[in-house]
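Colleague: Let's go through the ligand site and the aromatic rings. Keep it short.

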Amino acid sequence: MNSPSPARAHGPLALRPRHIFSLLEQRFPDENVMFQSVMPPTGIGSMTLLEGAILASLIRLLEAKNIFEFGTFQGHGSVLLAVNSAPEARIVTLDFDPAARPAAADHAPAASTANDSFLRDVHAAGGAPCIARAAPALQRKITQIACDSHTLDLDAHDLRKRFDLIFIDGGHDAATVRNDTRKAFDMACDGAAIVWHDYGSAVHSDVTDYVDELSATLPLVHVEATMLVLYWPALNTALAHTGAK
Ligand SMILES: C[S@@+](CC[C@H](N)C(=O)[O-])C[C@H]1O[C@@H](n2cnc3c(N)ncnc32)[C@H](O)[C@@H]1O
């Protein structure tokens, strides 16, 4: 939603987008690998085309059938995940219950930025119009959960250890990124990838600080020219064979 900041001195390994696309070329040498997206919305809160192409690439490389998204907002990400996955794939996306507005989340009143409040208000007022406008076949792939991620009950929603790809793009305050990350690891199946958005954002510095902290113990990769950071151990192995920097 914001321009990436310059590279940082520490944190995830930096990787050029073309290295991800090169893995696709190697995996599908006889195919024109396609990617679809609605035109990028002009308002804040959604991802760029390049970020969408990276996520679509991950879906193909992982053959992801179960995908979870923290932060539905207007549904552009959910539709991108749905349209670029196999027909049998399922996307579960989480956002606040619109009816709960204006009851403010009690976990981060001060750290909750004006930006996050705005996004929450937009979702509360209009739901996810991009999902509502999508073709029925895509809508059927998407399940929306309406609750605060801090109170998300993984057992009640049967979310444990079953997702191949988890996209963390919900609240950007430190407490929420930490909560969503902890839950993402509980929801991930073996071999899964976890992706954070807004790394390097000039607005959401908590995301950058937290991901930098995580990178001390996890093999994280920042895709240059995007605000995406990937945790996918198999990627590091594959890249080692390509000689990527
Ligand atoms: C950046 S937007 C998501 C954009 C979306 N992933 C896309 O690609 O189009 C962030 C969303 O996260 C939601 N959010 C923030 N904190 C949350 C929380 N604690 N629980 C659930 N949703 C939250 C906001 O309401 C907002 O709609």
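Colleague: How far is a polar side-chain atom of aspartate 148 from a nitrogen atom of the ligand?
Modeller: This is a predicted model, where local features need pLDDT of at least 70, side-chain atom pairs count only at pLDDT 80 or more, and totals for chains, interfaces and linings use all residues. Residues are numbered from 1 along each chain as its sequence is written, and side-chain values use heavy atoms, with hydrogens and water left out. A polar contact here is a pair of N or O atoms within 3.5 Å. For aspartate 148, the distance from its polar side-chain atom to a ligand nitrogen is 3.0 Å.

Colleague: Which atom of serine 149 lies 2.8 Å from a nitrogen atom of the ligand, backbone or side-chain?
Modeller: Aspartate 169 places a polar side-chain atom 2.7 Å from a ligand nitrogen. For serine 149, the atom at 2.8 Å is an N or O of the backbone.

Colleague: How much of the ligand's 610 Å² does the protein bury?
Modeller: Areas come from the Shrake-Rupley method with a 1.4 Å probe. The 610 Å² is what the ligand exposes when taken alone. The protein buries 98% of that.

Colleague: Which element gives the largest share of the shell around the ligand?
Modeller: Helices are DSSP runs (H or I, at least four residues), and strands are E runs of at least two, numbered from the N terminus. Two or more shell residues come from helix 3 (76–83) and from helix 4 (114–126). The largest share, 3 residues, belongs to helix 4.

Colleague: What is the geometry of the phenylalanine 68 and phenylalanine 163 pair?
Modeller: Rings of Phe, Tyr and Trp (its six-membered ring) pair if their centres lie within 6.5 Å; planes under 30 degrees apart are stacked, over 60 edge-to-face, the rest tilted. That rule gives 3 aromatic pairs. In the pair of phenylalanine 68 and phenylalanine 163, the centres are 5.4 Å apart and the planes at 75°, so it is edge-to-face.

Colleague: Over which ring does the charged end of arginine 120 sit?
Modeller: The test is NZ of Lys or CZ of Arg within 6 Å of the ring centre and within 35 degrees of the ring normal. Arginine 60 lies over phenylalanine 28, 4.1 Å from the ring centre. Arginine 120 is 3.6 Å from the centre of its ring, that of phenylalanine 96.

Terms used. Polar contact = N/O pair within 3.5 Å; in protein donor to acceptor, adjacent residues only side chain to side chain.
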